[in-house]
There are 2 protein chains.
Amino acid sequence: MNSGSFLVNGKATDTVGVSDRAVQFGDGLFETFRVHQGRVRYLQRHITRLRAGCKRLHLDGVDFASLQKQICTLARQTNAGVLKLILSRGNGSRGYRPVPRQEPTVILGLHALPGYAADLQSTGIRTRICKLRLSLQPVLAGIKHLNRLEQVLARAEWDDDAIHEGLLRDSRDRLVEGTMSNLFLIRDGELLTADLQYCGVSGIMRSVIMDVSKTLDIDTRTGSLSLDDIACADEVFVCNCVAGIWPVRQVDGICEPAIGPLTRQLMQAVEGWDDAENDHWYSS
Amino acid sequence: MNSGSFLVNGKATDTVGVSDRAVQFGDGLFETFRVHQGRVRYLQRHITRLRAGCKRLHLDGVDFASLQKQICTLARQTNAGVLKLILSRGNGSRGYRPVPRQEPTVILGLHALPGYAADLQSTGIRTRICKLRLSLQPVLAGIKHLNRLEQVLARAEWDDDAIHEGLLRDSRDRLVEGTMSNLFLIRDGELLTADLQYCGVSGIMRSVIMDVSKTLDIDTRTGSLSLDDIACADEVFVCNCVAGIWPVRQVDGICEPAIGPLTRQLMQAVEGWDDAENDHWYSS
């Protein structure tokens, strides 16, 4: 299953037209779902973000009911894996102008879980600060769109397998996120994460963690983060839907935080978290 | 020929793998060549920009000799048209990290000329100022990369066929370019265009015009342009390789410049311009 099993507009194929607007312009969105026991975790949260992305890009005509059905059907094929959805504005002519009432393209791919060492959640990870700065574009901030050259270039900055994630600042020196994860700091018992008004991806695991922290009475604040903030943090972790929470043990040249009690508490709570909306959809 | 005739890695096909990094991340570059009498105009300028883009994206392994040969062979199939090249980092795994020594993907498509009214060069065009602001990203500025959501969203702002181009400002209010063209102003006999250090595409026709203006002893300056600058300009035009030079007769709500003598002089000179390097390559 490593090379993936693909559906394009419901048809088993691993190709897409070269005129598709994903190929031509990166004109679309994606979602990366974690599949667990044949079910997609946090399905409704993903769909909500996808809808927000469609609205932002004026990407109309998506049949969300059919899409969810396809996602759930494909997920049943595996016990544990990653399901990636790409939703593009569809086949295009040679020009930026979106064609009205265009049929979107739905690409679904089922993949094996990435080969991360199984003990990263307990050992913690090493990270670095990337040189590349995220640009500020409020129109695209928060959504998971297909224009990912900044992430590609940031990830190309290091080749050392001992470093698991790179942390990104924006052009105003604010610390925003990892190349493939969101970033949280803990200081004086408070959970801090970057607001994502100008850049960054509003991660599903980030939203779960913020909801979970409420139930644990952990104060959470979104705002501006700096290198000084991470240097002074008591605990640091990154998260995404596939890896869950990774405690950060090292930020090269900046700090070497311990894996602290709040990170452990959040990891445990997220593990046992019952995403009510998600389960509701599955049972309906 | 309207739907295009395509070659993917030298093979006649109109599909590409869904795992290609163009589809997944917009991880690549493109060039849009004007074909005239079976030959590509300004071939060497395009190739030079493409090489610069490859360097910026660390996109290695392109066989430029073979690529140029393919481009010229395909161009011979038509008397007049547009040839679009997409060069991606190739087939990828599910992750931002570029795989070393990956084979790039070369997509070539031959298309009919766009259906612009033939008299736009003599009548001039109407333009508008777009709401969307270009973000500042020096790492991607100037090159013609595949992350084009800003252009798609800017072009989606209007649906009036009487408006031929939208002009874009960056997040610092500087006037940069059109959605698919570069912008020039003329004031007191001087040719002005935006510098492209932070955003924008370094257009081939822009570089031709700047070279041609030297031979005509027209002073040229690149720098910051504002809405005030365009409001005060004596002449305004936009340009790209397919349309050539389009005089701007109207910038909605800002100004209604005349088609002036320097624009006419440049249009004539560009028309007759003998791109020596280009011809040298063809004769060799």
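Predicted model: local features only at pLDDT ≥ 70, side-chain atom pairs only at ≥ 80, totals over all residues.
**Entry 1: getting started**

Before anything else I noted my rule for strands: two of them pair if DSSP finds at least two bridges between them.

My opening look-up was the pair of strands S4 and S6 in chain B. I found that S4(B), residues 28-36, is joined to S6(B) by nine bridges, and that the two run antiparallel. Within this pairing I saw Leu29(B) standing opposite Leu87(B) of S6(B).

**Entry 2: what lies on the sheet of chain B**

Next I looked for helices beside these strands. I found helix H2 of chain B, residues 43-57, packed on the sheet, where it touches S4, S5 and S6 of chain B. The direction of H2(B) makes about 175° with that of S4(B). I then turned to helix H3 of chain B, residues 64-75, and saw that it lies across S1, S4, S5, S6 and S7 of chain B. Against S7(B), helix H3(B) runs at about 20°.

In which order do the six strands of the open sheet in chain B come? I read it as S2-S1-S7-S6-S4-S5, with antiparallel pairing. At the edges I found strand S2 (11-12) and strand S5 (39-40) of chain B. Each has a single partner strand, so one side of each is left without a neighbour in the sheet.

I moved to chain A and followed strand S1, residues 5-8. On S7(A), residues 105-111, I counted four bridges to S1(A), in the antiparallel sense. Ser5(A) has Leu110(A) as its bridge partner in S7(A).

S1(A) also pairs with S2(A), residues 11-12: two bridges join them, and they run antiparallel. Here I noted Lys11(A) of S2(A) as the bridge partner of Val8(A). The hairpin of S1(A) and S2(A) has two residues between the strands, and in it Asn9(A) takes a positive phi near 50°.

**Entry 3: where the chains meet**

How many residues of chain B are in contact with chain A? I found 44, and they touch 44 residues of chain A. I then listed the elements of chain B that give two or more residues to this side: strands S1, S3, S6 and S7, along with helices H1 and H5. H5(B) gives the most, with five residues. By class, I sorted this side of chain B into 22 nonpolar, 15 polar and seven charged residues.

I also looked for strand pairing between the chains. S3(A), residues 15-17, pairs with S3(B) in the antiparallel sense over three bridges. There, Val16(A) stands opposite Val16(B).

**Entry 4: how the copies are related**

I reminded myself that two copies of a chain are related by a rotation about an axis and a shift along it. For this model, chain B is superposed on chain A by a rotation of 180° with 0.0 Å of shift along the axis, at an RMSD of 0.0 Å. The two copies are thus related as by a two-fold rotation axis. Both copies use the same surface, as 100% of the contact residues of chain B recur in chain A.

**Entry 5: two crossing helices**

I went on to helices H6 (204-215) and H8 (261-271) of chain A, and found them packed at an angle of about 105°, with their axes 10 Å apart. Angles from 65 to 115 degrees count as roughly perpendicular, and that is why H6(A) is called roughly perpendicular to H8(A). From H6(A), the contact takes in Val208(A), Ile209(A), Val212(A) and Ser213(A), and from H8(A) it takes in Leu266(A), Ala269(A) and Val270(A). I classed these residues as six nonpolar, one polar and no charged.

I checked chain B as well: H6(B) and H8(B) pack at about 105°, with their axes 10 Å apart.

**Entry 6: one residue, Arg126(B)**

Last, I picked out Arg126(B), which sits in strand S8 of chain B, residues 125-134. Is Arg126(B) buried, exposed or partly exposed? I counted 17 C-beta neighbours inside 10 Å, and therefore wrote it down as partly exposed. Leaving aside neighbours within four places in sequence, Arg126(B) is in contact with Ala162(B), Ile163(B), His164(B), Arg249(B) and Gln250(B). I also looked up Trp273(B), which is 147 residues from Arg126(B) along the chain; their C-alpha atoms are separated by 27 Å.

How values were computed
Residues numbered from 1 in each chain as written. Chains lettered and ligands numbered in written order. Buried ≥ 20, exposed ≤ 12 C-beta atoms within 10 Å, placed from the backbone. Contact = placed C-beta atoms within 7 Å. Nonpolar A, V, L, I, M, F, W, Y, C, P; charged D, E, K, R; others polar. Least-squares fit on C-alpha atoms with pLDDT ≥ 70 in both. Axes fitted to C-alpha atoms, helices over the stretch in contact; angles between N-to-C directions. Parallel < 35°, antiparallel > 145°, perpendicular 65-115°, else oblique.
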